Amino acid sequence: VNNSAELSEYARQTFRSHALGRLGGIVYRDEVLQLQIINNSQVPIVHMHATTFLHNTSAFHALPLYFRELNLARLRKATGNANATLRVTNHPLPLTPQQETVYNAFITVVAAIFVLIPFTFFPANCVAFIVKEREVKATHLQTLSGLQPLAYWTATYIFDNATLLITILLTL
């Protein structure tokens, strides 16, 4: 690989052939065409050498690691010590007030969704019990045994509200 364009093409062509994920690559002394403006036109004058880092932007640690590897190679060559080491520490920048507001709003919405979704199942649970009793004619049997409809519906109402209260208290 002689330049960053060739490295980029090689990485694209061999993307799926590696068992482990590849985080990037380094092209040292990449030849870049330098342009100079003469009479309002860009005229190439010199080739200058640069170092190009191609890295996976979803891996936040990739760029600092490749930068460390380049400088470690330079350090070992300059000192002649093959055991020389460098330590890199990578910390994210603090959030701006606007980013923090957006982040907090997102967390609030997600938390609200996860808290409110279970409450949608509660009315279905109350209705399912009444439908099941009607299906097996338990209500009819209780009425024949002398149960007053007002007592049946009051007990059902109290039971449903008690289970709702327990659910709400557990949510808090």
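Helix α2 (residues 62-79) has 18 residues, which at 1.5 Å a residue should span 26 Å, and its end C-alpha atoms are 26 Å apart, so the two agree. The expected span is 1.5 Å times one less than the number of residues. Helices here are DSSP runs (H or I, at least four residues), numbered from the N terminus. This is a predicted model, in which local features need pLDDT of at least 70 and side-chain atom pairs count only at pLDDT 80 or more, while totals for chains, interfaces and linings use all residues. Residues are numbered from 1 along each chain as its sequence is written, and side-chain values use heavy atoms, with hydrogens and water left out.

**Helix α2 and its end**

- Ala 62, Tyr 66, Arg 68, Leu 70 and Leu 72 of α2 are buried; buried means under 20% relative accessible area, exposed over 50%, and partly exposed in between (1.4 Å probe, protein chains only).
- Gly 80 follows α2 and has a positive phi, near 75°.

**Aromatic pairs**

- Rings of Phe, Tyr and Trp (its six-membered ring) pair if their centres lie within 6.5 Å; planes under 30 degrees apart count as stacked, over 60 as edge-to-face and the rest as tilted.
- Two aromatic pairs are counted by this rule.
- Phe 129 and Phe 159 make a tilted pair, because their ring centres are 6.3 Å apart and their planes stand at 40°.
- This pair ties together parts 30 residues apart in sequence, because Phe 129 lies in helix α3 (residues 97-135) and Phe 159 in helix α5 (residues 149-171).
- Phe 129 is partly exposed, at 43% relative accessibility.
- Tyr 152 and Trp 153 form an edge-to-face pair, with 4.9 Å from centre to centre and 80° between the planes.
- Within that pair, Tyr 152 is buried, with a relative accessible area of 7%, whereas Trp 153 is partly exposed at 45%.

**Glu 133 in helix α3**

- Glu 133 lies in helix α3 and is buried, yet has no salt bridge.
- A salt bridge would need a side-chain nitrogen of Lys or Arg within 4 Å of a carboxyl oxygen of Asp or Glu.
- The nearest side chain of opposite charge to Glu 133 is Arg 134, 9.7 Å away; Lys and Arg count as positive and Asp and Glu as negative, with His and the chain ends not counted.
- Leaving aside neighbours within four places in sequence, Glu 133 is in contact (heavy atoms within 4.5 Å) with Ala 138, Thr 139, Gln 142 and Tyr 152.

**Lys 137 in the loop**

- Lys 137 sits in the loop between α3 and α4 (138-144).
- Its phi is positive, near 60°, in a residue other than glycine.
- Lys 137 is exposed, with a relative accessible area of 55%.

Key. Helix = DSSP H or I, 4+ residues; strand = E, 2+ residues; numbered from the N terminus.
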